[in-house]
Amino acid sequence: MARPARPRREADPDRRAVALTRRLAALLSPLGLSEIEVEAAGVRVRLHRATPVPLAPHHTPAAGAGAAAMPATAAEPAPVEATAGTVPIESPMVGTFYRAPSPTAGPYVREGDVVKESQVVCIIEAMKLMNEIESKVGGRIVKILAENGQAVEYGQPLFLIEPQR
């Protein structure tokens, strides 16, 4: 004889909250958000993500026992506007900016270097994946705006390039 199913009314709000939380958490980074609040079907969820702090990836020296802890939040990047005649290369994602392919290698580019369109100029690490960022125009690197190992946001200018004429 089959037992009748017990109602799960108490667990339903919890299960819905967990499912909603997982879906929202998956959207934070791809959308470049640091906070989101949603109410659906009587369940209200608010997520807040602190500014990411690099955890000694392969590009930075490992912290020693006497090393000071990194602050939990990074300073807001100063707004940068392209000067007349320059084109910014912006970060296409949230992640950690690296100028070189490895800690022992030289940087992809330096200020004053001439680059070709589609030439790799840096790497952004996001979710343990190394993403090569390419120049969208050919020209001369006028200014490098991000520091090696710095957390960067979506749309943040990384380089200023003076296009070739």
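These legends go with a few close-up views of a predicted model.

**View 1. Strand 10, mostly tucked away.** Strand 10 covers residues 157-163; helices (H or I, at least four residues) and strands (E, at least two) are DSSP runs, numbered from the N terminus. Five of its seven residues are buried, so the rest of the structure largely encloses strand 10. Here, buried means under 20% relative accessible area, exposed over 50%, and partly exposed in between, with a 1.4 Å probe and protein chains only.

**View 2. Strand 10 alongside strand 3.** Strand 3 (residues 87-90) runs antiparallel to strand 10, and the two pair over four bridges. Strands count as paired if DSSP finds at least two bridges between them. Look for E90, which sits opposite P157 of strand 10.

**View 3. Strand 10 alongside strand 8.** Strand 8 (residues 139-144) also pairs with strand 10 in the antiparallel sense, over five bridges. K143 has L160 in strand 10 as its bridge partner.

**View 4. The one salt bridge.** A salt bridge here is a side-chain nitrogen of Lys or Arg within 4 Å of a carboxyl oxygen of Asp or Glu, and that rule gives a count of one. The side chains of E162 and R140 make it, at 3.6 Å from N to O. E162 belongs to strand 10 and R140 to strand 8, so the contact links parts 22 residues apart in sequence. E162 is partly exposed at 35% relative accessibility, and R140 is partly exposed too, at 33%.

**Notes.** Residues are numbered from 1 along each chain as its sequence is written, and side-chain values use heavy atoms, leaving out hydrogens and water. Local features need pLDDT of at least 70, side-chain atom pairs count only at pLDDT 80 or more, and totals for chains, interfaces and linings use all residues.
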